[in-house]
Amino acid sequence: MSLSVEKTSSGREYKVKDLSQADFGRLEIELAEVEMPGLMACRAEFGPSKPFAGARISGSLHMTIQTAVLIETLTTLGAEVRWCSCNIFSTQDHAAAAIARDSAAVFAWKGETLEEYWWCTERCLDWGEGGGPDLIVDDGGDATLLIHEGVKAEEEYEKTGKVPDPESTDNAEFKIVLTIIRDGLKSDPKKYRKMKERLVGVSEETTTGVKRLYQMQETGTLLFPAINVNDSVTKSKVSLTTCMVAATPSLMV
């Protein structure tokens with residue numbers, strides 16, 4: 001797929017497989033709303049007061065129908081949202097299409113390559129000249145990792161003029177990360193530090209992501225506050241869907 005941002009008639013950015021699937025996605029979202037009463041209760045209680053008004057929220061979480069209900073809860077509460085998937089195979093294309101058309105900026109499709117995946121992650125975090133998001137909903141820690149690696153590279157570049165070398169690692173995926181950061185230094189050598197300064201915090205859902213966060217905390221390299229959703233009682237006892245219900249009140253703390 002061509003890696004270029006598209007825009008809706010209202011000017012909202014997106015990149016999905018097929019926007020014409022939006023009507024089908026909308027039907028399934030309406031069904032899922034019935035099965036997610038926690039999020040719907042949040043809309044009913046907090047929607048009128050818009051507690052997230054002016055907030056920028058970036059999400060790196062499976063772009064499914066259930067996630068669509070979460071995204072539209074965040075927008076109902078006043079947030080601006082940019083989203084990508086945390087997995088190259090998990091996106092439901094009709095869900096991504098409905099959200100892209102109706103609610104939020106989405107960059108996700110089923111069957112992404114690793115290069116496409118990290119491009120989508122970068123787009124999810126890219127809020128233009130005003131810095132990055134205020135909050136991140138992360139699943140696996142990749143959005144968090146990109147910011148941390150970006151900040152580290154920018155600081156090294158400022159001190160020594162050295163840029164990241166993708167050939168310095170044997171990890172194929174990390175080569176892509178370093179390439180994205182290296183190329184970004186040319187256009188904005190403070191991009192990720194501006195994101196760090198704006199961020200209020202991140203919620204993390206998986207064991208892998210939480211492990212990374214604790215490692216960074218122990219070494220003193222964690223750049224912003226984090227909420228461990230992974231080890232919550234809610235997630236330990238019920239399904240992913242209910243875990244996503246738990247994510248919204250976590251963000252409102």
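This briefing looks at one strand and its neighbours, and then at the cysteines. The structure is a predicted model, in which local features need pLDDT of at least 70, side-chain atom pairs count only at pLDDT 80 or more, and totals for chains, interfaces and linings use all residues. Residues are numbered from 1 along each chain as its sequence is written, and side-chain values use heavy atoms, with hydrogens and water left out.

- Start with strand β7, residues 201-204; strands (E, at least two residues) and helices (H or I, at least four) are DSSP runs, numbered from the N terminus.
- On one side of β7 sit G201 and S203, on the other V202 and E204, and all are buried (under 20% relative accessible area, with exposed over 50% and partly exposed in between, for a 1.4 Å probe and protein chains only).
- β7 pairs with strand β6 (residues 135-138) in the parallel sense over 4 bridges; pairing takes at least two bridges found by DSSP.
- Within that pairing, E204 in β7 is the bridge partner of D138.
- β7 also pairs with strand β8 (residues 226-228), again parallel, over 3 bridges, and here S203 stands opposite I227.
- From β7 the chain passes through helix α9 (residues 207-219) to β8 in a right-handed β-α-β crossover; with the strands pointing away from the viewer, the path from the first strand over the helix to the second runs clockwise.

**Cysteines**

- The whole structure has 0 disulfides, a disulfide being a pair of cysteine sulfur atoms within 2.5 Å.
- For C86, the nearest cysteine sulfur is that of C84, 8.0 Å away; C86 is buried, at 14% relative accessible area.
- For C120, the nearest is also that of C84, 6.7 Å away; C120 is buried too, at 1%.
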